[in-house]
Amino acid sequence: MSKKIKLLLVDDEENFVNTLAERMKMRDMGSDVAHDGETALEMIKDGTPDVMVLDLRMPGIDGVEVLRKVKKSHPEVQVIVLTGHGSEQDQEVCMQLGAYEYHKKPVDIDRLVKSIKGAYRQKMEDAMVAATFAEANDHEDADRVMREGDKK
Amino acid sequence: MRKLADLLKHPLRELQGEVDEAVSPERYTLLRRKIIALMVAATLIPLSVMAVLNYYEHQNAMAREIQNPLRVLVNKTKNSFELFLAERTSTVSLIASAYTYQELADQQKLARIFSVMKREFEGFVDLGLIDEHGTQVNYVGPYTLQGKNYADQRWFQEVRLKGKYVSDVFMGFRKFPHVIVAVQHMTEDGRTWILRATLDTKQFERIIASMSLEPDADAFLVNGQGLMQTSSNNYGKVLEKVSFPLPPMTYEPTVVNMTDPLGREVFLAYAYFPDADFVLMAVKPRSSSLKTWYTVRGDLLFIFVAGVAVVLIAAMRVTDALIRRMKEAEDRRELALREVEHSQKLSSIGRLAAGVAHEVNNPLAIINEKTGLMKDILDMQGDFPAKAKLLAQVESVLRAVERCRGITHRMLGFARRMDVSIEDLDLSELIRETAGFLANEAMHRKVDVQLDMDPELPRIVSDRSQLQQVFLNLFNNALAAVADGGNITVTARPESDGVRVSVADNGCGMSEETLKHIFEPFFTTKKGKGTGLGLSITYGIIKRLGGEISVESTQGVGTTLTITLPKGQREALA
């Protein structure tokens, strides 16, 4: 956990999101801020964050849509939903779309930090599993090359 | 009567009624009366018509059955009479033709002829030969009538005119009822003479006796003037005037009803003779002959009366059941309406609460973060004089935010639960949550609310929002019942096939009378404040969810409401 967790905070309530970013910085997490869905998607293209904290109700592309797109293009990004409007159905939809956790505003900072750390751990584990699979495939390929060489 | 006719014209108008009209008990009474009247009319009118028709048909059939044999008998007897008279007339006629005047005028010869006649044909009393001047020239018989002149007697004139004559029964010179048969004969030389025989009416009596009538019946012969030709039992002796007027003339045997001079209802069967001036009559009292009819009539009457009674009872019963059903349906409908109203109200309150909660959450989050940041900054600062005090303020704000969070989330939870139906739920959590709504009021009134939940309580499949409503109702009632500083204990325990929850308070309790009506809609003891729907809706919900609800109460001691809920739900509810 030596590496700094890279966060992307997406919320149209600037007052809220800027303050939250500042607090995260104090907790050793570098965070970018986006104030709407479009910006958030643009920023993801430029450099993928580890964890995304996403509001649902936003002007333009709303949170659910952002979540859907992100999970499609960058499935490795863990998304934590943090919303003041969320209903039970929203929660269900988000979890199905692959959100890591779902929180309601206002949220206790410690709890959010814990959630972010959990998400980051999850991301690392996923990456490791993927790497192991890739390695196994490499080995298999190597074996096959060797066998084919023997036949010759 | 006009009302009944009107009712028959528009029988359904009353039954359709105005659906939304408030239904008063008087209206049911009126409706009941009208339905009964309609049913009774609809059944009794055909029944009565049938009974009356049946009565007359039966009566006629019975009368015909009695009259026909009588008619036949009269006809047969009339034929016997006619045959008898025709035989006698032709006998006399034969003798007149077979013998010459000289032979008949001979005393000895006539005596011989007469004795043969008497031997062959019964009923001849004497035989006489009368010349054209009406003088009896020769005579054989028990009387001394020789030389008697009949020239001025009616029968003599008639026989001279018609050639043949049969007299009525009369006494004549002989002083006993008899009939004369006279035949005129004309010799080739143009002389005319008359042969005259007398018949005694014993033969008539014999023919009538052969009818073998019942003792109370009567048969007799009457002539055209209404004089009795034979003796009767009840209507006079021979040659007396018959004691009732003669019926209209007809040769066909006919039966008429009449009241005889003795005052009896009788059938009179009669027939006029075409060849003689006689009417044969037979009288039979109706009372004896109609005895079977009377029993039939009694049966008919009994069946009719029993039918009417059955119809009346059935109409009453059916109508009562109908009205009761209608009343129940009306009540149920009313309750359902109120329930919908109530839950709509709850649901709109829920939506409003959700809206407020959502709107409040965002600024609350800002306060939370801003204050959080303040706290973070403060934490990083070295000690300065006001740090501790400032930190305490910040902590206090954060606590307030946390409290607000609790409120808004509960409001959201309440709203959310308005829509969801059957789900798997943790009852103790639901009870805790619901009790939370009233925690404030309880606190202010210093009411001690104890939640005693069994940790082993199974999850149940049920309707969250409905259960929430149920517990809200129960807690509200308990809170309303206890005095300030009272106790409410909510106990939840697992049961064999579900969960048992009881809400006990040490409030005012209720009387037996109140207990009886407690689940009825619109029954309330909170005068002016309650709708009287809370417990009836609760009852309805619990029943729908497959549970049971019961209440125990002692006045002045407290009330315990107990609910049992099944673990699972029946398919129909899912």
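# Packing exercises: helices and a sheet

Helix 11 of chain B crosses helix 12 of chain B in the right-handed sense. Keep in mind that this is a predicted model. Let's work through it.

**Exercise 1.** Work out how helix 11 and helix 12 of chain B pack, and which residues make the contact.

*Solution.*
- Step 1: Start with what you need. Two packed helices are described by the angle between their axes and the distance between the axes.
- Step 2: Helix 11 (residues 427–444) and helix 12 (residues 464–481) of chain B have axes 9 Å apart, at an angle of about 35 degrees.
- Step 3: Now look for the residues. Helix 11 of chain B brings a set including Leu430(B), Ile431(B) and Phe437(B), while helix 12 of chain B brings, among others, Leu467(B), Phe471(B) and Phe475(B).
- Step 4: Sort the residues of this contact by type: eleven are nonpolar, three polar and two charged.

**Exercise 2.** Decide how helix 3 and helix 4 of chain A are oriented to each other.

*Solution.*
- Step 1: Helix 3 (residues 63–73) and helix 4 (residues 88–97) of chain A have axes that come within 10 Å and cross at roughly 10 degrees.
- Step 2: Angles under 35 degrees count as roughly parallel, so helix 3 and helix 4 of chain A are roughly parallel to each other.
- Step 3: On helix 3 of chain A, the contact uses Val64(A), Leu67(A), Arg68(A) and Lys71(A); on helix 4 of chain A, it uses Val93(A), Cys94(A) and Leu97(A).
- Step 4: Sorted by type, that gives five nonpolar, no polar and two charged residues.

**Exercise 3.** Find the edge strands of the five-stranded sheet in chain B, then say what packs on the sheet.

*Solution.*
- Step 1: Write down the strand order of this open sheet, 2-1-5-4-3, and note that the pairing is antiparallel.
- Step 2: Strand 2 (136–140) and strand 3 (164–166) of chain B are at the edges; each has a single partner strand, so one side of each has no neighbour in the sheet.
- Step 3: Neighbouring strands are turned by 15 degrees against each other on average, direction ignored.
- Step 4: Next comes the helix. Helix 5 (residues 107–120) of chain B packs on the sheet and touches strand 1 and strand 2 of chain B, its direction making about 145 degrees with that of strand 1 of chain B.
- Step 5: Zoom in on one pair. Strand 1 (residues 124–131) and strand 5 (residues 192–200) of chain B share seven bridges in the antiparallel sense, and Ile130(B) of chain B sits opposite Ile194(B) in strand 5 of chain B.

Conventions
Residues are numbered from 1 along each chain as its sequence is written. Chains are lettered from A and ligands numbered from 1 in the order in which they are written. This is a predicted model: local features need pLDDT of at least 70, side-chain atom pairs count only at pLDDT 80 or more; totals for chains, interfaces and linings use all residues. Axes are lines fitted to C-alpha atoms, for helices over the stretch in contact, and angles run from 0 to 180 degrees between N-to-C directions. Helices (H or I, at least four residues) and strands (E, at least two) are DSSP runs, numbered from the N terminus. Angles under 35 degrees count as roughly parallel, over 145 as roughly antiparallel, 65 to 115 as roughly perpendicular and the rest as oblique. Two residues are in contact if their C-beta atoms, placed from the backbone, lie within 7 Å. Ala, Val, Leu, Ile, Met, Phe, Trp, Tyr, Cys and Pro count as nonpolar, Asp, Glu, Lys and Arg as charged, and the others, Gly among them, as polar. Two strands pair if DSSP finds at least two bridges between them. A crossing is left-handed if the near helix is turned anticlockwise from the far one by less than a right angle, and right-handed if clockwise.
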